[in-house]
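Please go through the structure below with its pockets, its cavity and a few loop residues in mind. The briefing after it takes these topics in turn.

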Amino acid sequence: MNYSIALVPGDGIGPEVTAKAVDVLALTGHKFGHFFNFVELEAGGRAIDSTGEPLPASSMEAAKRCDALLLGAVGGPKWENLPGHLRPERALLGLRAGLGVFANLRPAALLPQLKDACPLKDEVLAASHPEGKPTFDLLIVRELTGGIYFGERGRDGDGKSDDSSAFDTERYSRAEIERVLRVAYGAAAKRRSKLCLVDKANVLESSRFWREIASEIAGEYKNIETSYMYVDNCSMQLIHAPGQFDVIVTSNIFGDILSDEASVLSGSIGMLASASIGGKAAGRKYPPGIYEPIHGSAPDIAGKDLANPLAAILSAAMMLRYSFSLEQEASAIEAAVNSALDSGLRTKDIAGRTGYSAERIVGTNAMAAAVMAALKAG
Ligand code: IPM
Ligand code: MG
């Protein structure tokens with residue numbers, strides 16, 4: 001099969017990590033008889049530099065014509081002082097909204113090889129694990145195209161007087177809540193059948209609406225155990241008892257915050273991949289999903305062969321699984337990442353707290369080469 005993939009390398013370490021994911025995809029295609037055709041799009045800071053806009057209309061149009069998008073990261077200090085609508089982050093928000101990818105899947109698990117990079121003690125991990133093992137495996141399903149990120153916002157007054165103000169609005173429609181809950185229930189059914197809705201229903205009306213709808217549709221998913229948790233408690237539970245979670249479903253902003261927190265538990269934010277799905281196909285075979293590492297552009301380490309390419313590579317695996325149903329191919333990439341870690345190689349971010357032998361600490365290139373070698377051999 002032929003697949004057309006929009007490549008959005010973006011800024012900072014984005015280009016170097018996506019280049020590795022492209023190599024891995026090309027090799028996977030070669031092995032399994034698929035052809036991935038890459039179309040590079042301008043978006044983020046570099047698009048601001050070349051066109052004056054974070055997401056030129058031509059990039060948006062091209063994204064809609066592709067089968068899936070592989071994104072690096074956008075942003076950097078150079079563009080930090082631009083007004084909101086011209087910041088590189090607008091590119092991400094524009095792509096998410098433009099493609100209608102309302103469900104963002106962010107898996108966070110602790111691989112056995114990375115136990116030493118997890119800041120939690122074994123006994124803390126084991127205490128909440130259903131079988132008493134020092135590990136965890138959860139999936140955050142974050143609503144991605146609604147809520148405060150996209151609600152009405154603005155300012156009143158001159159900005160100097162005491163009664164000048166600024167506001168952002170958290171608003172969710174029934175349809176927006178229901179569709180993301182259904183994606184989360186579907187994911188829970190394929191995992192350990194537990195779903196926890198995280199909200200702030202003790203204060204926010206929008207959260208109470210989420211709960212109302214969740215309790216209505218929970219009845220349709222009899223085999224899934226539904227629970228509810230306030231977001232402040234959840235942020236504590238994640239670092240205290242992560243083993244209790246299977247699927248967490250939550251709003252755009254809470255999901256943004258909790259997924260960064262969860263990433264640290266898995267060793268490094270450099271390990272976490274994500275899939276943004278749920279768009280409409282509009283006459284196409286595949287509604288384009290967006291696949292990206294959850295880390296940012298990390299300008300301080302860009303171009304230094306220091307970035308961990310595994311989150312980008314694992315995002316490519318998620319693309320094969322979620323957009324193209326190429327399960328075997330996705331598993332082959334994940335297995336290759338596993339063997340690269342088994343071989344003892346570590347990028348600096350996952351080297352752990354206690355004196356990892358310096359010669360096994362490698363850069364972006366060597367880590368990606370190890371994955372490629374394992375994929376070839378596998
Ligand atoms: C993320 C990022 C983005 C978000 C930023 C860069 C706009 O933090 O994908 O988690 O808040 O969604
Ligand atoms: Mg974030």
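The second largest pocket takes at least three of its lining residues from each of domain 1 (1-102 + 271-378) and domain 2 (119-265). These domain bounds come from an automatic or database domain assignment. The model is predicted, local features need pLDDT of at least 70, side-chain atom pairs count only at pLDDT 80 or more, and totals for chains, interfaces and linings use all residues. Residues are numbered from 1 along each chain as its sequence is written, chains are lettered from A and ligands numbered from 1 in the order in which they are written, and side-chain values use heavy atoms, with hydrogens and water left out.

**Second largest pocket**

- A pocket here is an open set of points on a 1 Å grid over the protein atoms alone, with protein on both sides within 12 Å along at least five of seven lines; its lining residues have an atom within 4 Å of a point.
- The volume of the second largest pocket is about 620 Å³, where a volume is the space filled by probe spheres set on the points, and grid points are joined across faces, edges and corners.
- Its lining has 25 residues, and those nearest the centre are Glu-89, Leu-92, Arg-96, Tyr-149 and Asp-256.
- Two or more lining residues come from each of strand S3 (68-73), helix H4 (89-99), helix H9 (252-265) and strand S12 (289-293).
- Helices (H or I, at least four residues) and strands (E, at least two) are DSSP runs, numbered from the N terminus.
- The most is given by H4, with 5 residues.
- By class, 10 residues of this lining are nonpolar, 5 polar and 10 charged.
- Nonpolar covers Ala, Val, Leu, Ile, Met, Phe, Trp, Tyr, Cys and Pro; charged covers Asp, Glu, Lys and Arg; the others, Gly among them, are polar.

**Largest pocket**

- The largest pocket has a volume of about 840 Å³.
- Of the 27 residues in its lining, Pro-107, Arg-191, Met-318, Arg-321 and Glu-334 lie nearest the centre.
- The elements giving two or more residues to this lining are strand S4 (103-109), strand S5 (137-143), helix H6 (174-190), strand S11 (273-277), helix H10 (310-322) and helix H11 (327-342).
- This lining is made up of 18 nonpolar, 3 polar and 6 charged residues.
- Domain 1 and domain 2 each give at least three residues to the lining of the largest pocket.

**Two domains**

- The centres of domain 1 and domain 2, taken over C-alpha atoms, are 24 Å apart.
- In the contact between them, domain 1 takes part with 10 residues and domain 2 with 13 residues; contact means heavy atoms within 4.5 Å.

**Cavity**

- A cavity is a set of grid points where a 1.4 Å probe fits but cannot get out.
- The whole structure has 1 cavity of 30 Å³ or more, and the volume of the largest cavity is about 50 Å³.
- The lining of this cavity consists of Glu-170, Val-198, Asp-199, Ser-207, Trp-210, Thr-250, Ser-251 and Phe-254.
- At least two of the lining residues come from each of S8 and H7.
- Sorted by class, the cavity lining has 3 nonpolar, 3 polar and 2 charged residues.

**Loop between S8 and H7**

- Lys-200 sits in the loop between strand S8 (194-199) and helix H7 (205-218).
- Lys-200 counts as buried because its relative accessible area is 18%, and buried means under 20%, exposed over 50% and partly exposed in between (1.4 Å probe, protein chains only).
- The side chains of Lys-200 and Asp-232 make a polar contact of 3.1 Å.
- A polar contact is a pair of N or O atoms within 3.5 Å; within protein, one must be able to donate a hydrogen and the other to accept it, and residues adjacent in sequence count only if both atoms are side-chain atoms.
- Leaving aside neighbours within four places in sequence, the contacts of Lys-200 are Ser-207, Tyr-230, Val-231, Asp-232 and Phe-254.
- Ala-201 is in the loop between S8 and H7 and is buried, with a relative accessible area of 11%.
- Not counting residues up to four places away in sequence, Ala-201 touches Ser-207, Arg-208, Arg-211 and Tyr-230.

**Positive phi**

- Ser-193, in the loop between H6 and S8, has a positive phi of about 60° although it is not a glycine.
- Ser-193 is partly exposed, at 23% relative accessibility.
- Ser-325, in the loop between H10 and H11, has a positive phi near 55°.
- Ser-325 is exposed, at 61% relative accessibility.
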